[in-house]
Amino acid sequence: MNASRTLYLALLALLLAAPFVGYPIFLMKVLCFALFACAFNLLIGFTGLLSFGHAMFFGFAAYVSGHAAKVWGLTPELAILSGTVCAAGIGLVTGWLAVRRQGIYFAMVTLALAQMIYFVCVQAPFTYAEDGIQSIPRGKLLGLVDLKDDTTMYYVVMVIFIAAFALIYRIIHSPFGQVLKSIRENEPRALSLGYNVDRYKLLAFVLSGTLAGLAGATKAIAFGLATLTDVGWQMSGEVVLMTLLGGMGTLLGPVLGAAIIVTMQNYLANLGSLVSIVMGATFVVCVLLFRRGIVGEIAHRWGKKA
Amino acid sequence: MTEIFGIPTAALFGQLLLGLVNGSFYAILSLGLAVIFGMLNIVNFAHGALYMTGAFFAWMLLNYAGINYWYALILAPAAVGLIGVLIEKTMLRWLHQLDHLYGLLLTFGLALLLEGVFREFYGSSGMPYELPAVFRGAFDVGFMMLPKYRAWVVVVSLFLCLFTWYVIEKTKLGAYLRAGTENPNLVKAFGINVPLMVTLTYAFGVGLAGLAGVMAAPIYQVSPLMGSNIIIVVFAVVVIGGMGSILGSIITGIALGLIEGLTKVFYAEISSTVVFIIMAIVLMVRPAGLFGREK
Amino acid sequence: MKRKLLSVAIAAALAFGVPITQAQQGKLSGDVVKIGVLTDMSGVYADYGGPGAVAAARLAVQDFGGKIFGKNIEVVNADHQNKPDIAKNVTQQWFDRDGVDMTVENLNSAVALTVQALGKEKNKITIVTGAATSRLTNEDCAPNTGIHYLMDTVALSNVVGKAIVKDGGDSWFFLTADYAFGHSLEKDTGEVVRANGGKVNGAVRHPLSTGDFSSFLLQAQSSGAKVVGLANAGGDTVNSIKAAAEFGLTKKQNLAALLMLVTDVHALGLNTAQGLYLTEGWYWDLNPETRAWADKFSKVMNGRKPNSNHAAVYSSTLHYLKAVQAAGTDDTAAVMARMRATPINDMFAKGGTLRPDGRMVHDMYLFQVKTPAESKGAWDYFKLKGTVSGAEAFRPLAQSTCAAIKK
């Protein structure tokens, strides 16, 4: 217990000091995607549900948040809030539909629903299709703090990330979280114990989607862009990879996975196709040989020693 | 110009025909997916990428070796089938005992890999594939020009689908395959080589995809992205039709192609989402799919 | 003890760092002139810009002499795959971390808008050649940093659109690429059509980089319009024209390729493309100067001849370098002032001027694609039908909706 507390404190210190050693734009990207991956992990790692369409939350919230900030002129925290609320709404509707199926079917349904949202985004006038929503203003937080400076913006993103991460931590370690884990382990047994499994799954889905939306809405404000890439199926696949690589079912795994993937994409960005190849290869290797992910493996080895 | 519901017949039938062509591709691809899922319980995300690979092989055969379309119809699917054998034997084999989600993840990774490799070498904008001379031109059927090649595609797809359905549902080989998935140990006890059957089934399924790719090459541009564009629609088709049902996938595929074509005439904007809307409706009304059995 | 050491170290670093950066201000930032070529290297517009644009920029640096004030000139390039977010990412890093002073090319229109806005924010020069949306010098203008060098949708519609309407094409249906460029082109051409007595029957939008145009063309056929205007470019235009031929659209209707370059005609082949009207700002076979440059280009590009975009990249890069030399520094405001003060007289344009709204005004040419019989060989594709002066082709400065220039 003490070991993990020191670990968290060390990470917090790292986050606080980061903008002075790193490039704030890059760091913000890592944090947004880390949040996205953590939200996704809530569903797959702790409830056992693979959603292949999480980009719909991330991307749609980004569009709404961007639109709110640019066209409606809302302050950044309200813009992010509106994006997150929309994501929650989508989560409710799509979750209700998807939960009717299990396992593989669930994954395919989420994929197809996400694709539908993608095409809606292509057609809807407010998203400007291929152009995306550009030049989203960062505005003034609460009408007071100008977010134009990259470092200031970074700290806001960092606070959002930490708050959401703490929320996920609380959810996992609560009675609700225990029920989710039991559903992941053995759904029929949970059902036989009298739990309304479908309702728990739906709730987990909505929570996961809302937090993913939070990540997307924040990303739109921080980077000033919301595009079709954010709602595409490749984005859904990326978040799966981040979580798989980092370690499904661990708390810090998705964060690490996100950091690795975002860094890799940054370095390979100019070499377009290489990104796909490396990601595909990583997927294959992870599934075949490395299913616990990095953090999962570390925890496993540590556990063995103790 | 004659009109039905205020739409000129030329437009209506033209779009329906194009829809039928698209539907044929949906049918072949969802058929392959259904066969693979039925036998192996794996959702083959790489199906779209292998369809694209088939198209590329046809293109490469023509442009590097001067081998024309007719030979490509046989060689390319065979090559894709071989790749399928490779994939199954080296990778999918290890995932049989695990949660089926891992199969989906693995094939997703393979799809990314394949797409990335082809994009690296050929760019993403697509290469033209020369139509064989006998297919050039169109039949003038009065209300529209029907390109000869597209008519050919429809005919061949129908034939393929019926052939596959017949083999699986009506022949002894098909019976072994179906038994092998239900109870592999029992079937093994009868002396039938179940692992071999599994491998061949996967190879056959992706071979079908490869064949669809060759047929698609002259119509759509041969592009690394052609697989990912179509695979998700095919997934929706399979969910609507019911995962285990072969006949279901064929009928649903064609029907959805036609419906897509119709929406293009009346309300073009939703043509890309109509498949998913139907999927949502089916999920609410009949979660197992229109023809499916709850597994 | 350790803390003291650390603070001394930080102070020392700052002390040395600050004067070093200040010393550069008289001359070149970072002791080098870095030019970034941002383009689509492998997608639907790869022939339009792509490796040819990078080669053109390098030729300009070479012809300039390779060095400036004794320091190196570097050319970096990146592939944005037609995605504005990748473009923004790369350009941001170029400006913030890599010390890039100017970016050039910047197709497509969505990317151009993003990059120009970024250049405005960071006070760095952005030269757009390959994108056509007229928004760059109107609603989304950036007069202090952004330059729109080649053509724009207004010029395209004024030259090609007008010519076709005058020729009898008075009812139009648009096949539009669903992004900034397509929308701009559809709007501007529509205005020209209506201004010249024609009407617009309708339009259908298609996603960028569509492979199969059959269903869109069917809609065009059933519209009954005399002219089907292709408000798209690059690979999309090529595929639309091919599909139109396949479906026999050209039997009853005329195709208008609103943006087509010599490289597109090369991809189509004269059999399919013959007779089409198009406009470009430059063609390799216009005069001895253009031919000489085209030869230089094709030597480094495997025998492919340059299109107007490649020529524009060359010309704008050279103009920039000359301005830096004349200004004595690569400071943005000084260089922009020089670029505006000096007319452009090279193989690309004669008497070209850079306007306050960022628009580079030069002559545009109306071409018609030759028939196979008329062509003497590969790349001999156009016959010149007319020259339209810059003043006529582009929107007059007085009508520009650029808010930043106070008239």
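Which residues does T145(C) touch, not counting residues up to four places away in sequence?

Tutor: This is a predicted model, in which local features need pLDDT of at least 70 and side-chain atom pairs count only at pLDDT 80 or more, while totals for chains, interfaces and linings use all residues. Residues are numbered from 1 along each chain as its sequence is written, chains are lettered from A and ligands numbered from 1 in the order in which they are written, and side-chain values use heavy atoms, with hydrogens and water left out.

With residues up to four places away in sequence left aside, T145(C) touches G119(C), K120(C), N123(C), K124(C), I125(C), T126(C), T332(C) and M336(C); contact means heavy atoms within 4.5 Å. T145(C) sits in the loop between β5 (125-128) and β6 (146-148) of chain C. Helices (H or I, at least four residues) and strands (E, at least two) are DSSP runs, numbered from the N terminus. T145(C) counts as buried because its relative accessibility is 2%; buried means under 20% relative accessible area, exposed over 50%, and partly exposed in between (1.4 Å probe, protein chains only).

Two strands pair if DSSP finds at least two bridges between them. β2(C) and β3(C) run antiparallel and are joined by two bridges; for K67(C), the bridge partner in β3(C) is N72(C).

Some backbone details lie elsewhere in chain C. E105(C), in strand β4 of chain C, has a positive phi near 85 degrees although it is not glycine, and its relative accessible area of 0% makes it buried. In the loop between β4 (102-105) and α4 of chain C is N108(C), and the peptide bond from L107(C) to N108(C) is cis, with omega near 5 degrees. Q81(C), in the loop between β3 and α3 of chain C, also has a positive phi, about 50 degrees, without being a glycine; Q81(C) is buried at 18% relative accessible area.

Chain C also meets chain A: 24 residues of chain C are in contact with 19 residues of chain A. Together they bury about 1700 Å², 44% of it on carbon and sulfur atoms; buried area is the accessible area (1.4 Å probe) that two parts lose on being put together, summed over both. Between chain C and chain A there are six residue pairs in polar contact, both at pLDDT 80 or more (a pair of N or O atoms within 3.5 Å; within protein, one must be able to donate a hydrogen and the other to accept it, and residues adjacent in sequence count only if both atoms are side-chain atoms). On the side of chain C that touches chain A, β3 (71-79), α3 (84-96) and α4 (109-122) of chain C each supply at least two residues. The most, eight residues, come from α3(C).
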